[in-house]
Amino acid sequence: MSKTSLPFHSDDISAPARALGGQLAACGRQPSHLELLNMLARVQGCRNFQHLRALALSRAALDAPPPAPEPADIVRVRRVLRLYDPRGVLSRWPPKLWERELCLWELWAALPADRTLTEPEVNRLLTERHAFGDYALLRRWLCDLGLMTRTSSGRANTAGSNSAPPADARELIGLLSRREAAPAEDAGA
């Protein structure tokens with residue numbers, strides 16, 4: 001089992017030496033390895049060695065660089081992209097759950113996050129984003145996955161998620177937003 005290296009630092013060695021000497025004198029015998037670790041931790045101002053270890057590991061976690069974002073699986077994204085027409089409208093409901101979830105993240109991204117929508121407003125936005133005519137199915141799935149919340153009466157709907165879209169969904173959203181912007185650029189030329 002590998003050992004985690006724990007830093008032990010003191011700007012002034014005399015104060016910890018006095019504290020350690022006092023603890024050794026109070027012990028009255030040769031301390032065990034664990035007792036000595038606990039004494040050293042108390043010299044550092046911790047309750048015991050476990051407290052010192054927890055503090056050192058939490059500091060190391062704070063100093064660690066953030067994890068690299070996971071790369072998108074471009075094969076999966078391209079497979080889902082085939083479900084959309086050239087305008088970026090979802091043409092059919094995907095058969096597989098992972099495909100549905102990616103499509104739902106894209107629909108979630110199209111909902112305004114800064115305001116509460118009425119049910120007719122949500123229905124209109126969803127109708128604009130799909131071509132198979134079942135906005136109720138999409139609304140239910142968005143709620144079931146936690147991408148949208150609604151009141152018990154269904155009158156107020158809010159887009160929301162405590163987490164960011166996964167990498168595949170971010171890639172799909174980006175590709176579809178570029179696809180939607182392309183016709184507008186072509187019309188101006």
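The dialogue below moves from the whole chain to single residues.

Q: What kind of model is this, and how are its residues numbered?
A: This is a predicted model, in which local features need pLDDT of at least 70 and side-chain atom pairs count only at pLDDT 80 or more, while totals for chains, interfaces and linings use all residues. Residues are numbered from 1 along each chain as its sequence is written, and side-chain values use heavy atoms, with hydrogens and water left out.

Q: How many helices and strands does the protein have?
A: Helices (H or I, at least four residues) and strands (E, at least two) are DSSP runs, numbered from the N terminus. Here the protein has 8 helices and 2 strands, and their order along the sequence is α-α-α-α-α-α-α-β-β-α.

Q: What is the radius of gyration of the protein, and what would a compact globule have?
A: The radius of gyration is taken over C-alpha atoms, and the globule rule is 2.2 Å times the number of residues to the power 0.38. For 189 residues a compact globule would have a value near 16 Å, whereas the protein has 29 Å. The box filled by its C-alpha atoms, along the principal axes, is roughly 85 × 45 × 35 Å.

Q: What share of the residues is buried?
A: A residue is buried under 20% relative accessible area, exposed over 50%, and partly exposed in between (1.4 Å probe, protein chains only). In the protein, 30% of the 189 residues are buried.

Q: What share of the contacts joins residues 24 or more positions apart?
A: Contact means heavy atoms within 4.5 Å. Among contacts with a separation of 6 or more, 56% are between residues 24 or more positions apart.

Q: Is leucine 172 buried or exposed, and what does leucine 172 touch?
A: Leucine 172 lies in helix H8, residues 167-188. Leucine 172 counts as buried because its relative accessibility is 0%. Leaving out residues up to four places away in sequence, leucine 172 touches Val77, Val80, Leu81, Tyr84, Leu102, Cys103 and Glu106. Isoleucine 74 is 98 residues from leucine 172 in sequence, and their C-alpha atoms are 8.9 Å apart.

Q: Which side chain forms a polar contact with that of arginine 139?
A: A polar contact is a pair of N or O atoms within 3.5 Å; within protein, one must be able to donate a hydrogen and the other to accept it, and residues adjacent in sequence count only if both atoms are side-chain atoms. The side chain of arginine 139 makes such a contact, of 2.4 Å, with that of asparagine 123. Arginine 139 belongs to helix H7, residues 135-144, and is buried because its relative accessible area is 8%. Residues up to four places away aside, arginine 139 touches several others, including Glu119, Met148 and Asn157.
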